[in-house]
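Please look over the sequence and the 3D structure shown here before reading on.

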Amino acid sequence: MAKATKNKKPRVRIKILNLLIVILGADLILLFAPGIGILNFGFTIGDGLAWSALIAGIILLVIGFKGLYQKQD
């Protein structure tokens, strides 16, 4: 009987710094989203601050996800 060959998948590493950037971006979006953010229910936050924090959160998510996963040989 022939032995089955094991197909090894390349291991994937996650960069911790990029993971923290993704978490920070997601927190900014959840806290400051205009009209539905968590901080908007308890406090009066200006539209300029809410929209700028939302845009900054989206930018951080894009930057964080860009280099989050690395193939490891």
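**Overall picture**

Among contacts in the protein between residues at least 6 apart in sequence, 67% join residues at least 24 apart, where contact means heavy atoms within 4.5 Å. This is a predicted model, in which local features need pLDDT of at least 70 and side-chain atom pairs count only at pLDDT 80 or more, while totals for chains, interfaces and linings use all residues. Residues are numbered from 1 along each chain as its sequence is written, and side-chain values use heavy atoms, with hydrogens and water left out.

**Fold and overall form**

- The secondary structure comes to three helices and two strands, which are DSSP runs numbered from the N terminus (helices H or I, at least four residues; strands E, at least two).
- Read from the N terminus on, the elements run β-α-α-α-β.
- The radius of gyration, taken over C-alpha atoms, is 20 Å, well over the 11 Å that the globule rule gives for 73 residues, so the protein is more spread out than a compact globule; the rule itself is 2.2 Å times the number of residues to the power 0.38.
- Along the principal axes, the C-alpha atoms fill a box of roughly 75 × 20 × 15 Å.
- Buried residues (under 20% relative accessible area, with exposed over 50% and partly exposed in between, using a 1.4 Å probe and protein chains only) make up 18% of the 73 residues.

**Helices α1 and α3**

- The axes of helix α1 (residues 16-32) and helix α3 (residues 47-66) come within 8 Å and cross at roughly 155°, the axes being lines fitted to C-alpha atoms over the stretch in contact, with angles running from 0 to 180 degrees between N-to-C directions.
- The two helices, α1 and α3, are therefore roughly antiparallel to each other, a term used for angles over 145 degrees.
- Residues of α1 including Asn18, Ile21 and Phe32 meet residues of α3, among them Leu49, Ile63 and Gly64.
- By class, this contact of α1 with α3 has 17 nonpolar, four polar and no charged residues, where Ala, Val, Leu, Ile, Met, Phe, Trp, Tyr, Cys and Pro count as nonpolar, Asp, Glu, Lys and Arg as charged, and the others, Gly among them, as polar.

**Two single residues**

- Asn18 has its place in helix α1 and is buried, with a relative accessible area of 12%.
- Leaving aside neighbours within four places in sequence, Asn18 is in contact with Ile63, Gly64, Gly67 and Leu68.
- Gly48, found in helix α3, counts as exposed at 56% relative accessibility.
- The C-alpha atoms of Gly48 and Pro34, 14 residues apart along the chain, are separated by 9.4 Å.

Notes
Angles under 35 degrees count as roughly parallel, over 145 as roughly antiparallel, 65 to 115 as roughly perpendicular and the rest as oblique.
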